[in-house]
Amino acid sequence: MRISKGNICKRVLVGLKVKVLRHVDPTLEGLEGVVVWDSARALLISGSDGRRRLVLKEGAKFLITTPEGAEIEVDGDKLMVRPTERAKVSRC
């Protein structure tokens, strides 16, 4: 199934490209990379420089790039569910 704006909140984000558009910690804004770990409250993002940064979802806004190349803006608050439970919860 293709990832779309309507189902992004129900998908596991590991392996997808992501950019932090807004965050309560301004030093994280603009961070780009690939999601290597996805939990209920945070994403672990591996940047192009090889550094891994833990980014809390609460209060954040992300730009997620799907495998097809579509870019989708997502509020981190809507992603605050365990990845295994996301398919059951409709938050988008």
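Visitor: Leaving aside its neighbours within four places in sequence, which residues is Thr66 in contact with?
Guide: This is a predicted model. In it, Thr66 is in contact with Ile3, Leu16 and Ile72, once neighbours within four places in sequence are left aside.

Visitor: And where is Thr66 found?
Guide: Thr66 sits in the loop between β5 and β6.

Visitor: Is Thr66 buried or exposed?
Guide: Thr66 counts as buried, with a relative accessibility of 4%. The cut-off for buried is under 20% relative accessible area.

Visitor: Let us turn to the strands. What is their order in the sheet?
Guide: The sheet is open and has six strands, in the order β4-β3-β2-β1-β5-β6. The pairing is antiparallel.

Visitor: Which are the edge strands?
Guide: They are β4, residues 52-56, and β6, residues 71-75. Each of these pairs on one side only. From one strand to the next, the twist averages 40°.

Visitor: How many bridges join β1 and β2?
Guide: There are three bridges between strand β1, residues 17-22, and strand β2, residues 32-38, and the two pair in the antiparallel sense. As an example, Lys19 has Glu32 in β2 as its bridge partner.

Visitor: What holds strands of a sheet together in general?
Guide: Strands pair through backbone hydrogen bonds, in either a parallel or an antiparallel way.

Visitor: A new topic: which residues of the largest nonpolar core touch the most other members?
Guide: That core has 19 residues, and those touching the most other members are Ile8, Leu13, Ile45, Val55, Phe62, Ile64 and Val74. The elements giving two or more residues to this core are β1, β3 (42-47), β5 (61-65) and β6.

Visitor: What is Ile45 in contact with, leaving aside its neighbours within four places in sequence?
Guide: Its contacts include Val18, Val20, Leu31, Val34 and Val55. Ile45 also contacts Glu32, Gly33, Arg51, Arg52 and Arg53.

Visitor: Now the charged residues. How many salt bridges are there?
Guide: The count comes to four salt bridges. In one of them, Glu58 pairs with Arg41, and the closest N and O atoms are 3.9 Å apart.

Visitor: Why does that pair tie together parts that are 17 residues apart in sequence?
Guide: It does so because Glu58 lies in the loop between β4 and β5, whereas Arg41 lies in the loop between β2 and β3. Glu58 is partly exposed, at a relative accessible area of 47%.

Visitor: Which residue forms a salt bridge with Lys61, with the closest N and O atoms 3.7 Å apart?
Guide: That residue is Glu73. Lys61 lies in strand β5 and Glu73 in strand β6, so this pair ties together parts that are 12 residues apart in sequence. Lys61 also meets the side chain of Asp75 in a salt bridge, at 3.8 Å from N to O. Asp75 is in strand β6 and Lys61 in strand β5, so here the parts tied together are 14 residues apart in sequence.

Visitor: What do Lys61, Glu73 and Asp75 form when linked?
Guide: They are linked in a network of salt bridges.

Visitor: How accessible are they, starting with Lys61?
Guide: Lys61 is partly exposed, with a relative accessible area of 22%. Glu73 counts as partly exposed at 48%, and Asp75 is partly exposed at 28%.

Notes
Residues numbered from 1 in each chain as written. Predicted model: local features only at pLDDT ≥ 70, side-chain atom pairs only at ≥ 80, totals over all residues. Heavy atoms only, no water. Pairing = 2+ DSSP bridges. Helix = DSSP H or I, 4+ residues; strand = E, 2+ residues; numbered from the N terminus. Axes fitted to C-alpha atoms, helices over the stretch in contact; angles between N-to-C directions. Core = buried A, V, L, I, M, F, W, Y, C linked by side-chain atoms within 4.5 Å. Buried < 20%, exposed > 50% of the residue type's maximum accessible area, 1.4 Å probe, protein only. Contact = heavy atoms within 4.5 Å.
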